[in-house]
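Work through the exercises below with the model open. Each task is followed by its solution.

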Amino acid sequence: MGYGNSTERTSGIREHMEVIGADGVHIGTVDGVEGDRIKLTKKDSGAGFEGGTHSGHHHYLSTGLVAGIEGDKVRLSANGDVAWGMLEEE
């Protein structure tokens with residue numbers, strides 16, 4: 001079930017929650033929410049589909065990708081490989 005706006009999408013997101021794709025693939029771990037983006041922990045920055053070449057900095061995902069919260073997991077509307085391609089780096 002989707003959410004209507006950014007506040008509704010992010011209100012239940014907490015630090016240390018796992019972020020997973022629609023297919024259940026691990027994307028990262030929540031470090032926090034900054035505006036309309038989910039900040040992922042640096043420890044997950046070396047992971048991913050392409051062999052992990054992005055270590056040492058944070059990655060961000062748009063809260064617009066959040067499909068729902070299931071327990072301690074944030075499920076995205078995109079599959080894992082698609083979500084990895086949508087990550088922003090800083």
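**Exercise 1.** How many helices and strands are there in the chain?

Solution. This is a predicted model: local features need pLDDT of at least 70, side-chain atom pairs count only at pLDDT 80 or more, and totals for chains, interfaces and linings use all residues. Residues are numbered from 1 along each chain as its sequence is written, and side-chain values use heavy atoms, without hydrogens or water. Take helices (H or I, at least four residues) and strands (E, at least two) as DSSP runs, numbered from the N terminus. The chain has two helices and seven strands. Along the sequence they read α-β-β-β-β-β-β-α-β.

**Exercise 2.** Give the strand order in the sheet, then find its edges.

Solution. Strands pair if DSSP finds at least two bridges between them. The seven strands form an open, mixed sheet in the order β5-β6-β1-β2-β3-β4-β7. β5 (66-70) and β7 (88-89) each have a single partner strand, so one side of each lacks a neighbour in the sheet. Valine 19 has valine 74 in β6 as its bridge partner.

**Exercise 3.** Is lysine 39 buried or exposed?

Solution. Locate lysine 39 in strand β3 (residues 37-40). Buried means under 20% relative accessible area, exposed over 50%, partly exposed in between (1.4 Å probe, protein chains only). Lysine 39 has 16%, so lysine 39 is buried. Now list its contacts (heavy atoms within 4.5 Å). Beyond four places in sequence, they include Glu34, His58, His59 and Tyr60.
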